[in-house]
Protein chains: 2
Amino acid sequence: MEQKEEKRISKAIIQRLPRYYRYLGELMGQGVDRISSGEFSKMMGITASQIRQDLNNFGGFGQQGYGYNVKNLYEEIGKILGIDRIHNMIIVGAGNFGKALAGYSDFEKRGFKIKALFDSDSEKVGRCYSGIETMPMDIIKSYIRDNDIEIVALTVPKHAAIEIAEELSDTGIKGIWNFAHTDLNVPDSIEVENVHLSESIMRLCYNMLRNTGSRK
Amino acid sequence: MEQKEEKRISKAIIQRLPRYYRYLGELMGQGVDRISSGEFSKMMGITASQIRQDLNNFGGFGQQGYGYNVKNLYEEIGKILGIDRIHNMIIVGAGNFGKALAGYSDFEKRGFKIKALFDSDSEKVGRCYSGIETMPMDIIKSYIRDNDIEIVALTVPKHAAIEIAEELSDTGIKGIWNFAHTDLNVPDSIEVENVHLSESIMRLCYNMLRNTGSRK
């Protein structure tokens, strides 16, 4: 029981950590050096004690009467998230989603370097989107090995996603960022993060329905 | 305390409901009429007792010795999610993400009807993407009212997203599907579902780091 409790807490914190990171980055951009847990709490819309509790899990970075040093906390959370170094990434699928990801400059700022797009459509091969070249699928495995690729973003239809994930499972990649509307079956050594948009919009719909019922 | 517990359970179930719905839809597509909770559990990778527990929250749809009627359960979950009827939707931002959403046929199958795209760029206005016309921002409020729009998908940069959300808060919309990397401040009557891709990839990175450490 104890262990289960611990696990659940961790998962909730992981959900929140990138959000702390985002707010701290914004504060830095505004030239703010330090922030009290009270101000930070107001800004993030969660209680100060929740913030203290969350950050205590990683050694706690606040000082009594001083608050948090924004830059230190930002860097510490960056280390915890593993984004204090470069992670090479490719995108499979040069459709609208793939192109949108390729054009998203925020990723590179956070250490995710998109090295190439891959597509099975020979008409797309050779084209550049946001400065990133599209390559043919038949060289993907050697490309991954030669370029130290850690993350593969899959923006292809679900059957293709399942096949490609299986094909790439022995290449040494560490993570798949899956935009296909299916679950993937990969070895434990590969983490999968799903972005299931259909499920996201259904959750919105569910909450909208409950909102109308209870608050109006 | 009791109430808090109940709320948390609900949230976890809402996370799972769209996934149940997806698997049931796939079973229907394969012509499967009924499924035992054991088979269903194996397919979804969660315990049979978890499934029973989840569905019991909505009256329970299984029958001892029979299992679940796939079509019934699919329809019941559809009703719970509120996708048994049409929800009109617009997309603000005709960039790559907006175009990708416009071209995603799955949404319409699930009752989300994309009626129009909106963009502030006059060069994009009038263009069609996946058969959906792009309209100018200055008519957005009247368009929402005249076309019974419930959901607004925001695929614009964060400062624009904050402004637009504020501007649309009195139009009667019920939900915002927010792809901008910021939190939105809207009245309680509007639900917000965030798709924060930067946070998603940071979670992947965090999990990759832990995976390497603990399993290899």
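## Two chains in contact

Contact means heavy atoms within 4.5 Å. By that rule, 66 residues of chain B touch 66 residues of chain A. This is a predicted model: local features need pLDDT of at least 70, side-chain atom pairs count only at pLDDT 80 or more, and totals for chains, interfaces and linings use all residues. Residues are numbered from 1 along each chain as its sequence is written, chains are lettered from A and ligands numbered from 1 in the order in which they are written, and side-chain values use heavy atoms, with hydrogens and water left out.

The area buried between chain B and chain A is about 6000 Å². Buried area is the accessible area (1.4 Å probe) that two parts lose on being put together, summed over both. Carbon and sulfur atoms give 62% of this area.

## Charges across the interface

A salt bridge is a side-chain nitrogen of Lys or Arg within 4 Å of a carboxyl oxygen of Asp or Glu. Over all chains, the structure holds 26 salt bridges. Ten salt bridges are found across the interface of chain B and chain A.

B:Arg22 and A:Asp183 meet through their side chains in a salt bridge, at 3.5 Å from N to O. A network of salt bridges links A:Arg19, A:Arg22, B:Asp183 and B:Glu199.

## The sheet of chain B

Helices (H or I, at least four residues) and strands (E, at least two) are DSSP runs, numbered from the N terminus. Two strands pair if DSSP finds at least two bridges between them. In chain B, seven strands form an open sheet. Their order is 5-6-4-3-7-8-9, and the pairing is mixed. Strand 5 (128-129) and strand 9 (191-194) of chain B stand at the edges. Each has a single partner strand, so one side of each is left without a neighbour in the sheet.

Strand 3 (residues 87-92) and strand 4 (residues 112-119) of chain B pair in the parallel sense, over six bridges. B:Ile90 has B:Ala116 of strand 4 as its bridge partner. Helix 8 (residues 158-167) of chain B packs on the sheet. This helix touches strand 3, strand 7 (149-154) and strand 8 (175-178) of chain B. Its direction makes about 165° with that of strand 7. Axes are lines fitted to C-alpha atoms, for helices over the stretch in contact, and angles run from 0 to 180 degrees between N-to-C directions.

Buried means under 20% relative accessible area, exposed over 50%, and partly exposed in between (1.4 Å probe, protein chains only). In helix 2 (residues 37-44) of chain A, the buried residues are A:Ser37, A:Phe40, A:Ser41 and A:Met44. They cover an arc of only 100° around the axis, which puts them on the same side of helix 2 of chain A. The arc is that of the directions from the helix axis to the C-beta atoms. Just after this helix, A:Gly45 takes a positive phi of about 70°.

## Salt bridges within a chain

A:Lys109 forms a salt bridge with A:Asp106, their closest N and O atoms being 3.2 Å apart. Both lie in helix 6 (residues 106-109) of chain A, three residues apart, about one turn of the helix. A:Lys109 is exposed at 66% relative accessibility. A:Asp106 is buried at 14%.

B:Asp54 and B:Arg16 meet in a salt bridge at 2.6 Å, N to O. This pair links distant parts of the chain: B:Asp54 is in helix 3 (residues 48-56) of chain B and B:Arg16 in helix 1 (residues 2-29) of chain B, 38 residues apart. B:Asp54 is buried, with a relative accessible area of 2%.
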